[in-house]
Amino acid sequence: MKQPSTDSSGTGAGQCVCTACPLLCDDILINGDRVDRACVPGRKAITAALACDRVPPGGSPPPEAWENARSLPLGIALQRAVEMLSSARRVLVTGLASGTLEAITAACDLAELIGAAVDAGLPESAQAAGPTIARAGEVTAVWEELRDRADLVVFWNCDPAGSHPRFLERFVALPLADGRWRRTVAVGPDSVLPDGATHRHLVLAGDLAVEAARCLQLRIAGRHVPDTLDERLAIVCAELHELIHAANCVAIVTSSSDDPVGLESWSIVHLIRTITHEKPAFQIPLGGGLADGGANAAGAAAVCTWRYGAAGGIARADRMGGLFLPAESDARRLIDRGEVDAVVVMGRLSGLLEQAIADRGDALSLVRICDAQEPVLRPFGQTVQLRCASGLIATSGTMLREDGRRVVLTPHQTATAAPLRELLVDLTAAVRLARGLSAAGGRP
Ligand code: SF4
């Protein structure tokens, strides 16, 4: 959290960054226990972090580490984690999106040292066709570009109100830079906004989204559209064509969370390209938001791409040439198929990944580094859990907003545990020591 000022009582008061979702809202006000401007889930998360991270006068902070349900000193827990990783056949490092860029870099150092697979659990790494950007490129823009220029915003088979709660308030429900109001249209099952003078909901079943994008592209390009088209699809395409034709600048907001093959994202890229032949147009791709495992998915993708040439699905971390296997080496498949027997988790995971880990029972060992104040229990299997500083109120470093904008965090209050990055560096150093390697090296 960012804290520009401290009031006379010593209570942090000022504008802060919320790290509960990839929107990374930087206008949150915290004053004592009061949290202003955050959405309901954001306020709930920050309020809970404030309550958890406060050590009562005369009290002591929660334990630094646990092995299963038993608390133990940090040094011993690190040794247990080293033993676990050393005896594993193959390790996966995942959950990267909860950390800062600096923490993700430290996690990659650890992964390279132990030859682990690396995947943040992002949907694109699990798509059978691989990342859209590698197959077809992308025409995207920062969210302020949408706010200031797009006089038509199309919500394509997505609902940002649920996944990115303040996206509409901060970037859509404002006038354009020249003072005009924009039009919006939702295509798909969700209405996103109430129907009215400036918003239309074009109801369409989600499984028709690819066909709709392809037909609309044909219409915009002036090519023949099949006569056998589903009637509803034909109506939607005709109305969208009219709206796009009347607009000066078009933004299409999409979600990658329900596109297992990657066809929908591919069809949207080609649609946008065709529109750009006539007028400015771009895609605003959104991930799973609150439902995903962390606010820094863009940062995880950037660090992995820089080091291994791909955003995830890295079969073996190696800066001299990481092997990229989408839909093969993504975190969920590696766990489901029993291809890893130990997992290093930093921060929080999506529900699907947590379930995959639980399903492996005692066949999987776990090193979990997160800010939970209590052990995250599993019915079976060995778990070493290290407690780090709160990612919401006591973390410094850098994150990337989902559109790539850099956001700097400074702690709102003093941490009651070591930062995530520091614990990863300590764990890496302990592994090096156990292997008789020098402590130096491993930095980018
Ligand atoms: S929209 Fe996201 S980042 Fe913004 S306050 Fe809500 S949870 Fe936090």
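The legends below describe close-up views of a predicted model.

**View 1. Helix H15 and the elements that its buried residues pack against.** Helix H15 covers residues 420–434, and its 15 residues reach 21 Å from the first C-alpha to the last, close to the 21 Å expected at 1.5 Å a residue. The buried residues of this helix are Leu 420, Arg 421, Leu 423, Leu 424, Val 425, Leu 427 and Thr 428. They pack against two kinds of element: the helices H2 (74–87) and H3 (101–114), and the strands E15 (342–346), E16 (365–370), E17 (383–387) and E18 (397–400). Just after the helix comes Gly 436, which takes a positive phi of about 75 degrees.

**View 2. An open sheet of 5 strands with parallel pairing.** Strands of a sheet pair through backbone hydrogen bonds, and this pairing is either parallel or antiparallel. Here the strands follow the order E10-E9-E8-E11-E12, and the pairing is parallel. Strand E10 (199–203) and strand E12 (281–286) stand at the edges, and because each has a single partner strand, one side of each is left without a neighbour in the sheet. From one strand to the next, the twist averages 20 degrees.

**View 3. Helix H10 packed on the sheet.** Helix H10, made of residues 231–246, touches strand E8 (152–156), strand E9 (183–188), E10 and E11, and its direction makes about 155 degrees with that of E9.

**View 4. The pairing of strands E11 and E12.** Strand E11, residues 250–255, runs parallel to E12 and is joined to it by 6 bridges. Looking along this pair, the reader can find Ser 255, whose bridge partner in E12 is Leu 286.

**View 5. The surroundings of the ligand.** The ligand is surrounded by 13 residues, of which the closest are Cys 18, Cys 21, Cys 25, Cys 39 and Gly 42.

**View 6. Leu 24, a residue other than glycine with a positive phi.** Leu 24 lies in the loop between strand E1 (13–16) and strand E2 (28–31), and its phi is near 45 degrees. Since 20 or more other C-beta atoms within 10 Å make a residue buried, Leu 24 is buried, because it has 21 of them within that distance.

**View 7. Asn 157, a residue other than glycine with a positive phi.** Asn 157 is found in the loop between E8 and helix H7 (160–163), and its phi is near 50 degrees. Asn 157 is buried, because 26 other C-beta atoms lie within 10 Å.

How values were computed. Residues are numbered from 1 along each chain as its sequence is written. This is a predicted model: local features need pLDDT of at least 70, side-chain atom pairs count only at pLDDT 80 or more; totals for chains, interfaces and linings use all residues. Helices (H or I, at least four residues) and strands (E, at least two) are DSSP runs, numbered from the N terminus. The expected span of a helix is 1.5 Å times one less than its number of residues. A residue is buried if 20 or more other C-beta atoms lie within 10 Å of its own, exposed if 12 or fewer, and partly exposed in between; C-beta atoms are placed from the backbone. Two residues are in contact if their C-beta atoms, placed from the backbone, lie within 7 Å. Two strands pair if DSSP finds at least two bridges between them. Axes are lines fitted to C-alpha atoms, for helices over the stretch in contact, and angles run from 0 to 180 degrees between N-to-C directions. A residue is near a molecule or strand if its C-beta atom, placed from the backbone, lies within 6 Å of it.
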